[in-house]
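Please look through the sequence and the model before reading on, and keep both at hand while the paragraphs below lead from one part of the fold to another.

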Amino acid sequence: MEHYDAVVIGAGFAGFYALHPLRNGMGLNVLVVDAEPSVGGTWYRNRYPGARRDVESTYFSYSFDGQLQQDWTWPHRYAYQQEVREYLNHVADRFDLRRSIALNTICDGATWDAASSRSTVTLGERTASTRFFITATGGTGDPNIPDLPGLDRFRGTVAHTLTWPENLDLAGKKVAVLGTGSSGIQVVVAAAEVAEEVTVLQRTASWVVPAWNHMMAPEQTAQIKADYADLRAVARTTTGGATVADPAGSGHELSVVERREVLDDRWAQGGFHFLFPFLESPTDPVVNRFSANYIAGKIRETVEDPATAELLVPGEDDPPVGARRLCIDTDWYETFNRDNVHLVDLNEQPLHDVSDLDADVLVHATGVTGGLGALGRLDIVGRDGQPLQAAWSPRPKPDLGMPVPGLPNLFVLSGPGSPASLVCAPPCAEMQVDWVAGLIGHVMQQYAAVVEPTEESTEIWGNMIRSLAESSLYSKEERYHASEDAGSEFMPFATGLADYRRICEDIADAGYRGFTVECP
Ligand code: NAP
């Protein structure tokens, strides 16, 4: 049996970073395991053509080491998947993380033993005993492969964007893409450049705004590096963990001309700068509609075929702008002016038999299932033999989106109840890991062995999440945001990273109010 102070499952942005404070900072004996043959997590698996960040590289990176920020140069304003992978490999080497990472290692689960105040973790053939067990398995859900009629008889290649095969090349092929969310719009634009033909199978049109992605000029990079400390300080105060233009004022109070100027400006800045141009954009459907009408106008200006343009404009009953994560891309609407790209409205032409599709490759850009994904497959057993699934029935309820009552010394990173799925991943990962490291330090300072949240504190957190969500447009998109184990309940923390950080820090400052720390 191997012995550790902490075992972390997942070597993506969060799990990977955990080694830095816990091992390098606190001197703990830590093991990170990942089922894949490489570090990177989502950024290793999501290698579909066109895969790219939707947050600017300046912010979509670690902030914990000033010299790392100065030494690393991002080639593009929005990093491509390969660039993110190169960055994470650089971090692994630079901070000597690899010696504590077991790749190609599948964790089956962990069982709490009250007598020793430790968990026994099964890692295939290996077994490890650990004081603290941390899951960093990324966003919830597994690749969603809809049960399409005739799929088993489709003679071409079937791929999913989230598990893209290493050697699948779309050049010269006839490609059908199902789904027009963030992944779909990226893979369609990239495929159109090389494929013979691309058929886009759309059920719901998305709101898409331009990234205006470009190579970073040396003087731009130099300016960012000179300002980095200040940029990070401001980003810490933002909802998304990355600085975007503030709302320009009340959408009701600005004149039509002023509103147009604001929207023109936000469109020119691109990306999430367009997300909430007015104070009421996230809450008031009338004000949200100003942005929607503006994007609709851009679609009609850009797409030459009027019928195609109309299909690409989300309908009145579709999600408002920002209720789902805004899609950020380059050339999405322009792509439909190419002769080799065709749009099919599945509402008019449902897929009766996929085996009839004239395609060599069928790409599922269909996102994830609503479940807990890799986290749900871990057989985690807590106090009195209680499985995590039972503790989370009828819904997941980690306190602060991290620790779970009844499962001592367990921490869930990027899980339900945290803002992780709504915000920029690296600052959220750093914040959660640092908070967990602080709590572990607190337990150790007290020569204690066991920490867990109270039921009461967890209930308060759950109620707060629900009331915050109800006051935002996110609640109109419960199915998109909530995990299926959560029923129809909205699960992320809706008001973003700065609020979340403040609450977590307040709780830490109050001596970890709402937690029991025991020496059994
Ligand atoms: P997604 O946003 O959930 O979109 C899935 C798409 O597939 C939707 O258009 C959906 O249509 C469609 N779909 C699902 N089942 C279908 C079915 N049975 N028939 C027809 N269409 C179906 O998934 P995603 O694009 O993979 O994105 C997942 C998450 O990752 C999002 O939070 C996204 O923001 C994030 N992401 C970010 C980036 C980036 O950083 N740039 C890139 C990729 C993904 P309906 O709307 O009708 O259900």
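Which residue in E5 stands opposite Ala 110? It is Val 121, and the pair belongs to strand E4 (residues 109-113) and strand E5 (residues 118-123), which run antiparallel and are joined by five bridges. Strands here (E, at least two residues) and helices (H or I, at least four residues) are DSSP runs numbered from the N terminus, and two strands are said to pair if DSSP finds at least two bridges between them. The model is a predicted one, in which local features need pLDDT of at least 70 and side-chain atom pairs count only at pLDDT 80 or more, while totals for chains, interfaces and linings use all residues. Residues are numbered from 1 along each chain as its sequence is written, and side-chain values use heavy atoms, with hydrogens and water left out.

Between E4 and E5 the hairpin has four residues, and Ser 117 takes a positive phi near 55° there. E5 is also joined to strand E6 (residues 126-135) by five bridges in the antiparallel sense, with Ser 119 standing opposite Thr 130 in E6. The hairpin of E5 and E6 has two residues between the strands, and in this hairpin Gly 124 has a positive phi near 65°.

Another part of the model holds an open sheet of five strands in parallel pairing, in the order E7-E13-E8-E9-E12. Strand E7 (157-160) and strand E12 (341-345) stand at the edges with a single partner strand each, so one side of each has no neighbour in the sheet. From one strand to the next the twist averages 20°. E7 and strand E13 (residues 361-364) are joined by four bridges, and Val 158 stands opposite Leu 362 in E13. Helix H5 lies across strand E8 (174-178), strand E9 (197-202), E12 and E13, and runs at about 165° to E9; such angles run from 0 to 180 degrees between N-to-C directions, along axes that are lines fitted to C-alpha atoms, for helices over the stretch in contact.

Within E8 lies Lys 174, whose contacts (heavy atoms within 4.5 Å) include Glu 197, Asp 358 and Val 361, once neighbours within four places in sequence are left aside. The side chain of Lys 174 makes a polar contact with the side chain of Asp 358 at 3.2 Å, where a polar contact is a pair of N or O atoms within 3.5 Å; within protein, one must be able to donate a hydrogen and the other to accept it, and residues adjacent in sequence count only if both atoms are side-chain atoms.

A backbone N or O atom of Arg 52 lies 2.7 Å from a ligand nitrogen atom, whereas a polar side-chain atom of Asp 54 lies 3.2 Å from a ligand oxygen atom. Taken alone the ligand exposes 910 Å², of which the protein buries 83%, with areas from the Shrake-Rupley method and a 1.4 Å probe.
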